[in-house]
Amino acid sequence: MARIALVTGASSGLGREFVRRIDAGDAGPMDEIWVVARRAERLEALVRTCKTPVRPFCLDLTDTVSFDIIEAALAEEDADVALLVNSAGCGTFGPFALQENADNARMLSLLMRAPVELIYRALPFMHAGSRIINVSSVAAFMPQPGLSVYAAAKRFVLDLSRSLDMELGEVGIHATAVCPKFMHTEFLDAPGDADTMRAMASLTGFERPEAVATKALAAARAGRQLCIPSGDMKAFYLASKVLPYRVAIGVEQLLLHAQKPDAIPIV
Ligand SMILES: NC(=O)c1ccc[n+]([C@@H]2O[C@H](COP(=O)([O-])OP(=O)(O)OC[C@H]3O[C@@H](n4cnc5c(N)ncnc54)[C@H](OP(=O)(O)O)[C@@H]3O)[C@@H](O)[C@H]2O)c1
């Protein structure tokens, strides 16, 4: 029975860093790393550069057939899924009424449906000690005007992780929600309303995907439900728990309007 790590969003950004850290041994020994994304050439690069055997799955996770393909491969290998990382994502900033509805549909599908499907289908191949990492965001901590669908989807991921961790903890499987702040990745290449994105980024600042992946894997090993990699966002999380949400959002909006988005370097 091959011990595998299954990582979505592996062709870029945080997902690729997860693959590199897993390859370096941060999640314990793995027989194979299964990597999922649409861009085949990026996945092939991982096959060439990782020491651990990498199996690429060039799939679109907004297409439900993709889940059947992964489930069939797990069954064929009788795999032992030691780690599932749901990192694939996309997001668009800007007022809800001005969003393309296709972008909303893509966010809902990729950010919510895909993790639910993959967790459900991978669970029969998990055992005591297996871990699930779901990439959420600091956007999940409270409602976010200007990022409404994305933030609500990331809240879903956060709450799903916590309830699954409680359910599955009884059989020794743990789920960790990871809440990064902004990272310099391709996520920011097509932001929709770039001014809104820059203003939000100027409030939180950036963190490195390498550090996020390392801290997330450590939190998962420890069986922690929540990983907020940066100290200032831990404080933001606590504030979001104690302040009435209207007050918290009001303060955030005041700060956002005081930003000078053009002054924010995005790359
Ligand atoms: N960057 C940030 O500021 C930030 C902050 C907080 C949370 N996050 C979250 O972190 C996670 C990783 O994002 P990132 O920053 O690493 O962004 P990224 O560099 O754009 O990576 C996104 C990954 O998702 C994959 N993906 C996108 N659409 C897909 C689809 N339809 N089917 C399959 N795979 C798809 C992409 O691969 P292909 O294009 O090859 O398919 C890529 O590997 C996301 O969940 C994001 O919401 C990001």
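Mentor: Buried means under 20% relative accessible area. Keep in mind that this is a predicted model.

Trainee: Does Cys227 count as buried or exposed?

Mentor: The cut-off for buried is under 20% relative accessible area. Cys227 has 2% relative accessibility, so the residue counts as buried.

Trainee: How many disulfides does the count come to?

Mentor: The sulfur atoms must lie within 2.5 Å. Cys90 is in no disulfide, with the nearest cysteine sulfur, in Cys58, 17 Å away. Applied to the model, the rule gives a count of 0 disulfides.

Trainee: Are the rings of Phe93 and Phe182 stacked or edge-to-face?

Mentor: Planes under 30 degrees apart count as stacked, over 60 as edge-to-face. The ring centres of Phe93 and Phe182 are 6.0 Å apart and the planes meet at 20°, so the pair is stacked.

Trainee: How many residues apart in sequence are the parts that this pair ties together?

Mentor: Phe93 lies in the loop between strand E4 (80-86) and helix H4 (101-122). Phe182 lies in the loop between strand E6 (174-178) and helix H6 (194-204), so the parts tied together are 89 residues apart.

Trainee: Which residue lies over the face of Trp34?

Mentor: A charge over a ring must be within 6 Å of the ring centre. At 4.8 Å from the ring centre of Trp34, the residue over its face is Arg55.

Note on methods:
Residues numbered from 1 in each chain as written. Predicted model: local features only at pLDDT ≥ 70, side-chain atom pairs only at ≥ 80, totals over all residues. Heavy atoms only, no water. Buried < 20%, exposed > 50% of the residue type's maximum accessible area, 1.4 Å probe, protein only. Phe/Tyr/Trp six-rings, centres within 6.5 Å; stacked < 30°, edge-to-face > 60°. Helix = DSSP H or I, 4+ residues; strand = E, 2+ residues; numbered from the N terminus. Lys NZ or Arg CZ within 6 Å of the ring centre and 35° of its normal.
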